[in-house]
Amino acid sequence: MSPTRYGLPLLTALLLSAASPAMAANEGKVFGWVEKATLEPWGVEVKAKLDSGALTSSLDARDIERFDKEGEAWVRFRLRLEDEASGETFTERMELPLYRSIRLRGAGGTDRRPVVLMKVCLDDTVYEEQFSLRDREEMFYPLLLGRRSIGHLGLLDVRETFLNEPDCDEDSPFVAHDPDEDD
């Protein structure tokens, strides 16, 4: 038995069988390290960097403010994104429930960021994902997709970019956030 003849298909089958149901459904899909995505429900097209070094996805947000609403923690923020499809600036003020907070440590010290659940379209599927909110104005990509999100998509080819176009509508498959994947 040749390892090259049977080893790779066997390894691939084992990895896919251990993968999440969302990834198993997308096993044939391959994404590049940069893709176009749309934020839903607005359909605003942005460049997304798929970053396997980050766990939680991040979205460019401005004027971030935490507040209480009916005894629950919420976050208020403003999106200001360039729509890659039209070239126009999209601005939206939002208030969403605070899903959780994360603490990040880096060379500049410790940073606490709010995390909200939002929907993003990649290829032909809408995914409900966790996004930490941060002013990413100085960053080239307004949307960063971390490992939690990448794990739902399929395979990542770090040598390629723009392998898929976002094409979602009301009939598109929907992958809801799974709280069991938060750890």
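Predicted model: local features only at pLDDT ≥ 70, side-chain atom pairs only at ≥ 80, totals over all residues.
How many nonpolar, polar and charged residues are there, by class, in the lining of the largest cavity? The lining has one nonpolar, six polar and three charged residues.

**The cavity**

- A search of the whole structure turns up one cavity of 30 Å³ or more.
- The volume of the largest cavity is about 50 Å³.
- Its lining is made up of Leu55, Thr56, Ser57, Glu129, Gln130, Arg148, Ser149, His152, His177 and Glu181.
- Two elements, E9 and helix H3 (147–153), each give two or more residues to that lining.
- Helix H3 provides the largest share, with three residues.
- For the general idea behind such a search, rolling a probe the size of a water molecule over the atoms shows where empty space is left.

**Backbone features to look at**

- As background, most residues other than glycine have a negative phi, and most peptide bonds are trans.
- The peptide bond from Glu40 to Pro41 is cis, and its omega is near 15 degrees.
- You will find Pro41 in the loop between strand E1 (30–40) and strand E2 (44–50).
- Asp63 is not a glycine, yet it has a positive phi of about 50 degrees.
- Asp63 sits within strand E4, which covers residues 62–69.
- Asp123 also has a positive phi, here about 60 degrees, although it is not a glycine.
- The setting of Asp123 is the loop between strand E8 (109–122) and strand E9 (125–134).

**Buried or exposed?**

- Asp63 has a relative accessible area of 47%, so it counts as partly exposed, a class that lies between the 20% and 50% cut-offs.
- Asp123 has a relative accessible area of 17%, and it is therefore buried, since that class means under 20%.
- Pro179 has a relative accessible area of 51%, which means that it is exposed, the cut-off being over 50%.

- Pro179 belongs to the segment after strand E12 (174–175).
- Between Pro179 and Gln130 there are 49 residues in sequence and 9.9 Å in space, taken from C-alpha to C-alpha.
- Gln130 is also one of the residues lining the largest cavity.

Key
Residues numbered from 1 in each chain as written. Heavy atoms only, no water. Helix = DSSP H or I, 4+ residues; strand = E, 2+ residues; numbered from the N terminus. Buried < 20%, exposed > 50% of the residue type's maximum accessible area, 1.4 Å probe, protein only. 1 Å grid on protein atoms, 1.4 Å probe; cavity = no way out; pocket = protein on both sides within 12 Å on 5 of 7 lines; lining within 4 Å. Points joined across faces, edges and corners; volume = space filled by probe spheres on them. Nonpolar A, V, L, I, M, F, W, Y, C, P; charged D, E, K, R; others polar.
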